[in-house]
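Here is a short tour of one protein fold, written to be read with the structure open beside you. Take a moment to turn the model around before reading on.

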Amino acid sequence: MSLRSPKRIAWLTLAGMLLFIPSCVGVMAVVDLQRYGRFDYANASQVPRDGDIEIPTDATDITLYRNGAGHWSKFTIDTPSLRSWVDERRSLRPDLNQHHDDDEWLPKLGGPLWQQHMIELSQQVFSDRFPDTGWTYDPSMLELYVRRSDRGGGYTLWHVPSSGDTYISARYW
């Protein structure tokens, strides 16, 4: 049987595909263990710079969950430093970040019924954004947005001014 016979070519092609796919899956599984999952860092200088993860340089006690569509992070930072960082991030795409003012840095006010409804809604959104992390919503949180892409990519930040606890839910598009 020659190397170029149609039967041999068919068998070699089939064998190549059957061996190639599992090897790719195996390599991908090993790489994903290094790339995705939970990572903890003492400060922002330890977070790998890959172009997608954006953490303020003053952040400490960082917990980062990475996945293929974005990341979640929790860290501690004081409000003035966070505000400066958010303004800097927004200035990179001013066309997408036009409708923000100083009021977003103030606690949300409203009647008791409105407040209760908004707290329940915010708790649900927070839980949906950070599943399986054990992180809990605090009613004193400020909620901020930074858009990074005209296709919808960006992130939502929740910040507790009294403790400095800050949470980011980032989406890549």
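Reading from the N terminus, the elements of the protein follow the order α-β-β-β-α-α-β-β-β. That makes 3 helices and 6 strands. Please keep in mind that this is a predicted model.

The 6 strands form an open sheet with antiparallel pairing, and across the sheet the order is β1-β2-β3-β6-β5-β4. At its edges lie β1 and β4, each of which pairs on one side only. On average, neighbouring strands in this sheet are turned by 15 degrees against each other, direction ignored.

To find your way along the chain, here are some of the elements with their residue ranges:

| Element | Residues |
|---|---|
| β1 | residues 37-43 |
| β2 | residues 60-67 |
| α2 | residues 79-91 |
| β4 | residues 142-147 |
| β5 | residues 154-159 |
| β6 | residues 165-171 |

Strands of a sheet are held in pairs by backbone hydrogen bonds, in either a parallel or an antiparallel sense. Here β1 and β2 pair in the antiparallel sense over 6 bridges.

Now for the protein as a whole. Of its 173 residues, 33% count as buried. The accessible surface comes to about 10900 Å², and 59% of that belongs to carbon and sulfur atoms. Among contacts between residues at least 6 apart in sequence, 47% join residues at least 24 apart.

Key
Residues numbered from 1 in each chain as written. Predicted model: local features only at pLDDT ≥ 70, side-chain atom pairs only at ≥ 80, totals over all residues. Heavy atoms only, no water. Pairing = 2+ DSSP bridges. Helix = DSSP H or I, 4+ residues; strand = E, 2+ residues; numbered from the N terminus. Axes fitted to C-alpha atoms, helices over the stretch in contact; angles between N-to-C directions. Contact = heavy atoms within 4.5 Å. Buried < 20%, exposed > 50% of the residue type's maximum accessible area, 1.4 Å probe, protein only. Areas by Shrake-Rupley, 256 points an atom, 1.4 Å probe, with all protein chains shown as cover.
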